[in-house]
Each structure stands twice: as structure tokens, then as C-alpha cells.
Amino acid sequence: MEIIHVAAECYPVAKAGGLGDVVGALPKYQCELGHVAKVVMPMYRTKFLYNNDWELVHEGTRTMGPHFFNYSVIKEKTNKLGFDLYLVDINGLLDREKIYGYDDDTERFLAFQSAVCDWLNKWQHKPDVIHCHDHHTGLIPFMVKYCLEFKDRLADIPTVLTVHNAQYQGWIGWDKHNLLPAFDSWKWGMLDWNNTINPLASAVKCAWKVTTVSNSYLDELRGAANGLENLFNYEQGKSSGILNGIDTHVWNPETDSMIIKNYDTELVEKGKLKNKKELAGQFGLDPDKPLISFIGRLVGEKAADLLPEAISQAIYQHHGKVNFLVLGSGDPELEDRLDQMNHQFNGYYNSYIGYSEPLSHLMYAGSDFLLMPSRVEPCGLNQMYALRYGTVPMVRNVGGLRDTVSDMGDWQGVGIRFDQASVWDITYSVGRAIDLYQNKPDLYSWMRSHMMTIDHSWDSSAQQYIDLYASLR
Ligand code: ADP
């Protein structure tokens, strides 16, 4: 099968979160299964662009309302990611340093989607499936079905939407409807949700199949989906959950070049200690105390706003028997607060405010526990990386965290689970973590070596997507 993944992120080209990890890995595993999976994404000005060789494969012209733009599609020459990678270049719109966060993001992603459909429309043959990821590519299922230029050739290509995060929906005011390529106007309802053009809702309506990145997340969306609850209920019949995997080529403590000491299940204790000592040295922490880390976007969904209070209270309540390290960026006020705490809790807590892929790897390897108190967690990759690196995940019982982490009090449990995103639940769990670290060496050591062998690779999930596409032919 030939599968076209269309997305805003793809690791290592451009990544802001889990979406990038998934789009950088799933196609590779689908190719390994013998299919031809390709990725098409915007051409941002990232390091990857400058450090690789490209060939021009297509040039075209589009109108967008009163505007007019040229676009080109370039392809990475060596297939180094394990799949064909195509970047869409639109001068002045896409070629920027950041992926998101510009005032004209609406125009940027509209132009991108329109260019992708135009390019596919010019192909000699048709791919077997177009797989869209999140709202940035959510108008494509509508465009191929109902836009006048595309529908004759593209409407019969199956489309799949994967919802990585339904909080963000890409809302566009109806005053901008003329920026879309001309469409059957009586189909306007397929774009609309609550009097707004809603790209995510449109994709849920128009895609042939909808998947979410865990089963529990699909259940939760029926009750809480930032306004789309009724839609997820209505479209239940074509929806299913497929758990993300992790790229075990990238996330492997035996070969990871971003950590100080590589290790396997046999050497886990010594290996982790070396990495922990490096972290402790860099951040002024004590390697003899349990180290609890947080890695992620500093936003409400991740309950990052609870961190300052929860960390201060845990340090006081547990008499400084524990260390904390935070890596993240997001809400500027929270960034400031977490940064200021570095002085206040010198020796017990530290943070790196920003984005650092190498530090994240070192933290998965060198921490003893990884805290994820998320309010919403569609799948969550961090806990799976933690498991693979022998780091005990401390997670709230929600979404993909519920589906991947069992509590150490249960049969063969490998993590610490709690029910509420609250300071109390976090500090209580910190107590359990300290107890495990200090008083239960046998259990702790069994948990570490066992969790590292749990298979969260893409093999089975990549096949589940293939089966889903096959059901559409
Ligand atoms: P989300 O996509 O909601 O942010 P996921 O758990 O699915 O959450 O994926 C998060 C990914 O982003 C992981 O690979 C994590 O290591 C990475 N990440 C998040 N914040 C940072 C950061 N500040 N520095 C480095 N990596 C980060």
C-alpha cells in the first residue's frame, strides 16, 4: 500500500511534542512491513533542512482568496529517515523557524493543505490512503471530497484522521471561508461546528476513519472534547483507538548517544547511576536521593501549574529526602515561577526552562521517577520512554497513561498511579516513591528490569493502522 502521511511535525525534521515523534516513526515501521509510507509536511527553516540534500519534485501555483502564491515540493534525497520525506515550501508563509505560534497560522496551514491537495491532484497515479494528523491537516478530507478542483480525481482516495490532541481544533472564522479552494457551497455544514469553521471537527466528519492515540482517550473524548463531545459520540462507528508506539531505534538505553553511560537490563543500576551523577553534577543535586523529573510542555493539560506547589510541599513534607528536576517550556508565568524556585530550593530542585532533546534523553536515563500528573493525556510518550529507560512513571490515571502504566500495588505493576491532578495526590505519590527507593530494594530492582522489557515498539500499532487502511479498500 502507498500511504501519504500529512502532518505539521515530524521528528527529527521539526518537533514540538508527541505528534512529531509519531509521524517520525510510524511511517518507518510501515515501510519495514513492506508498504510505501511517505510524509509530507511544511518546509520550516530548521537545522534538518540545511544539513540535508534535496531534490525538487514539483512546482505549482495556488490562489487563496485575493492572494496568489507559488509553492514547491522538495524531497530528501537519501531516504535517511526510512521513508520518503517531502517538504512543501511556500515563500514567506511556511519557511519560518518555529512550527506554530504566528498570527497567520490559519493562512499558513490553509495554504499548506491547499498545496498538498493540488500536488496530489497532479500525480499520475493515486495513493491508497491519505492519513491526516490533527487539525493542521484536518481540512484535507473535506478538500478532496468537496473542493471543485480536486473531487473528480481525489474523492475516492480513503482518508484517515488521527486525533493526537483534540484540545486544539484550528478554529477559523467564517469571514475567511473564501481562503479555501472553491467548494460545493451546500456542503458548508461539513466545515462548521458552532458557527465556526472547525478543521478538527470537519476531519472527524469527512474522514473515512478516525483514530485516537489510545482507547481510553477515545472514551474520554465522548465526555470531554473541548466542545466536540457530541460529534465524537455521533461518529463512534468509524472511530477506534490505536495506541502509539515508541521508536526503539531512537529510544534505546543500550545505544542512545545522548546519554553518558549506555545500559541494558543487566547493567541498569550502574548505568542509571552514572547518568544520574551527571545530572546531579549539572544541576547541583544529590545523587544519593531519589530524583523525580518532569519533562513536558508547561501547560494546564499537563497539570504543570501544580508543579511549584506540589514540589515545594513535597520537599517540606518529606524533609528534603527527595530531589526534583523540571525540563519544559510553555506558560511564561509558570516558566518564571519554576525558574525562581531554583534559588529557593537550591540543592533540592532545579529546572531547565526551554527545549532540549539531549537533556530529555539524559533525564529519562538518569532519573529514578518521572512525574506526569496530566489532566488530559491522549497517549503520552514520556511514560513509555521512562519505562524503556528503567525510570518508574508516576502518572495520573487518565488517557494513554491509564492504558500503559500499572500501579506497583497491582500484580506485576511497574509504576505509581494516582487519581486526581492535585497537589495532595502528587505529594502522597512522592511519599510512595521515596518509600520504594529507600525501603523496597528488591521490588524496585524487579520493577526496573521488568519495565525495560515491556514491548511498546511500533510493530503491533503500525500493523493495526495497515489493517485499518485495508478495511477501506
Ligand atoms: P505532547 O505531545 O502532548 O506534548 P507527548 O507525551 O505525546 O506529549 O510527547 C512529548 C514529547 O516531547 C516527548 O518526546 C518529550 O520528551 C518531548 N518534550 C516535551 N517537552 C520537551 C522539552 N522541553 N525538551 C525536550 N523534549 C521535550
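I took a salt bridge as a side-chain nitrogen of Lys or Arg within 4 Å of a carboxyl oxygen of Asp or Glu. By that rule I found 25 salt bridges. The model is predicted, so I kept local features only at pLDDT of at least 70 and side-chain atom pairs only at pLDDT 80 or more, while totals for chains, interfaces and linings use all residues. Residues are numbered from 1 along each chain as its sequence is written, and side-chain values use heavy atoms, without hydrogens and water.

I looked up arginine 473 next: its partner is aspartate 128, with the closest N and O atoms 3.8 Å apart. Arginine 473 lies in the segment after α17 (459–470) and aspartate 128 in the loop between α3 (105–122) and β6 (129–133), so this pair ties together parts 345 residues apart in sequence; helices (H or I, at least four residues) and strands (E, at least two) are DSSP runs, numbered from the N terminus.

For accessibility I used a 1.4 Å probe and protein chains only: buried is under 20% relative accessible area, exposed over 50%, partly exposed in between. Arginine 473 is exposed at 64%, and aspartate 128 is partly exposed at 26%.

I then checked glutamate 377, which bridges to lysine 302 at 3.0 Å between the closest N and O atoms. Both glutamate 377 and lysine 302 are buried.

Last, I looked for disulfides, meaning cysteine sulfur pairs within 2.5 Å, and counted zero. The sulfur of cysteine 117 is 7.1 Å from its closest cysteine sulfur, in cysteine 147, too far for a bond. Cysteine 117 is buried at 0% relative accessible area.
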